[in-house]
Amino acid sequence: MAKKDTKTVYLCTECGADFPKWSGKCPSCGNWNTLVEYTVKPGAPEPGLRIRQKGLPHDNAPKPISEVSGKSVPRIDLNDGELNRVLGGGLVKGSLVLIGGEPGIGKSTLILQSVVRNTALTTLYVSGEESPGQIRLRAERLTDADTVEHTLLFSETSIEVILETALDIAPDLIVVDSIQTMQTAGSDSSAGSPSQVRECTGRLLAFAKEQNIPILIVGHITKDGTIAGPKIMEHLVDTVLLFEGDRNHQYRILRSMKNRFGNTDEVGIYEMRGDGLRQVSNPSEMLLSSSLDRDELSGICIGVTVEGQRPLLVEVQALVSSAVYNNPQRSSNGVDLRRSNMLLAVLEKRAGFKLIQKDVFLNIAGGLYINDPALDLPLLCAVLSSSLDLSIPRTVCVTGEVGLSGEVRAVSHILRRINEAAKIGFRTIIVPKDSVKGLDLTAQPITVYPVSRVEEAFRFLFRAD
């Protein structure tokens, strides 16, 4: 029998640890059924060791912190204000950035329009999914493709060939679309497997650090919304960005999940158009343009939320109707359904409004998904407005987190929320009382109405004149 020329290793798709034998539970992270078999050619170093050896210069040696330079790293302007904001001021040389998102959300469009419109950067755009002709067709929608000479298209899936080509060209930026289509000779697994993704990411990281060339890689996501591939890939890269939104709506949000060169509080907002993604500098006005012009309707409340460091006013819509079936329906778009059910229980228990025989439908206009708990009170106000068929004045907006006992809890960045509401043209804002303690409310640009219980907000909005 011929001697085997490959080595079998079992890799955990969650933590990235590898083991010589399979087991149902990962000994490292404790997750079940996460070990996947893959093969490694003999003589090939382990991925972690190879990254460590290639990522450090040969003359590198330990040194005291006092002797390490603390100067800020230079950044590359990507000619995109929203993308620069999320990256922390621009792209750092030698960094590895991972951008993930659902299929068709606009990841490739975002990167392509940034590089083709930035004539100051020589970019090597590597695509394993599309041919150069297909990319050219997309570029024609974004700019005059006949004048783009600084962006070089390369259709290839071999990491070794890509890195050799990059050494010859020496570009200012490398784009890899996508990491799940790349393959390396260090693993015999198919493209997209955990071993291939980990190996390819490790080689790209080592190349970026050695050559001081930034690399943008596009990653797919699973049905759960997480980046596809081993979790160690997110640990290896310097920055993880998530591009999200509803494909049936025009707005997209770029979030920073991890950033070694900046904070993760910033978000970028785009509008999808026929000629690419347009930066939205004042999203509140765009999201509320239709609601501010139409007549007052029941079931609508304007909530003041914060995405990253940016205040954002959104239209919260609710529809309460009599249940047709024995089990009332509960549906929500743009907010977590479980949290919505909790808020409806608070409304029944603490405020005395019975919704047990009512269907309740919730929606955030514009196709956005909001995680800010400050949207709790606007949701309850919209539900009660629809249930009572009483409209909320268009000049009033609401913000506040609601606890299980019906109390309105404090929210962060209260001054930013108040100033944003005043800038849009609102005259009154309902806020948690704990958030404005010590503030001079008479100095605020709009009327601030503090509340400590949900009943106080309801009495203010639906009081009899």
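Ala, Val, Leu, Ile, Met, Phe, Trp, Tyr, Cys and Pro count here as nonpolar, Asp, Glu, Lys and Arg as charged, and the others, Gly among them, as polar. With that sorting in hand, the lining of the largest pocket in this predicted model can be split into nine nonpolar, 13 polar and five charged residues. The pocket itself holds about 670 Å³ of space. A total of 27 residues line the largest pocket, and those nearest its centre are Glu-102, Glu-244, Gly-245, Asp-246 and Tyr-369.

Rolling a probe the size of a water molecule over the atoms shows where empty space is left. Counting cavities of 30 Å³ or more gives two. The second largest cavity has a volume of about 40 Å³. Around the second largest cavity sit Arg-75, Leu-87, Gly-90, Leu-91, Val-92, Ser-95, Val-97, Thr-239, Asn-259 and Phe-261. Sorted by class, that lining comes out as five nonpolar, four polar and one charged residues.

Now for the helices. Two packed helices are described by the angle between their axes and the distance between the axes. Take helix H5 (residues 159–169) and helix H6 (residues 194–211), which pack at about 15° with their axes 11 Å apart. Angles under 35 degrees count as roughly parallel, so H5 is roughly parallel to H6. Their crossing is right-handed. On the H5 side, the contact is made by Ile-159, Glu-160, Leu-163, Ala-166 and Leu-167, while H6 puts in Cys-200, Arg-203, Leu-204, Phe-207 and Gln-211. By class, the contact of H5 with H6 has seven nonpolar, one polar and two charged residues.

A second pair is formed by helix H10 (residues 376–388) and helix H12 (residues 454–461), whose axes come within 11 Å and cross at roughly 50°. H10 and H12 are therefore oblique to each other. The crossing of H10 and H12 is right-handed. Leu-377, Leu-380, Cys-381 and Leu-384 make the contact from H10, and Val-454, Ala-457, Phe-458 and Leu-461 make it from H12. The class count for this contact is eight nonpolar, no polar and no charged residues.

Finally, a few spots in the backbone are worth a look. Most residues other than glycine have a negative phi, and most peptide bonds are trans. Ala-170 has a positive phi, near 55°, and is a residue other than glycine. Where does Ala-170 sit? Ala-170 is found in the loop between H5 and S9. Asp-389 also is not a glycine, yet has a positive phi of about 60°. Asp-389 belongs to the loop between H10 and strand S19 (396–398). As for peptide bonds, the one from Asp-177 to Ser-178 is cis, with omega near 0°. Ser-178 is in the loop that runs between strand S9 (173–177) and H6.

Key
Residues numbered from 1 in each chain as written. Predicted model: local features only at pLDDT ≥ 70, side-chain atom pairs only at ≥ 80, totals over all residues. Heavy atoms only, no water. 1 Å grid on protein atoms, 1.4 Å probe; cavity = no way out; pocket = protein on both sides within 12 Å on 5 of 7 lines; lining within 4 Å. Points joined across faces, edges and corners; volume = space filled by probe spheres on them. Axes fitted to C-alpha atoms, helices over the stretch in contact; angles between N-to-C directions. Helix = DSSP H or I, 4+ residues; strand = E, 2+ residues; numbered from the N terminus. Parallel < 35°, antiparallel > 145°, perpendicular 65-115°, else oblique. Left-handed = near helix turned anticlockwise from the far one by under 90°. Contact = heavy atoms within 4.5 Å.
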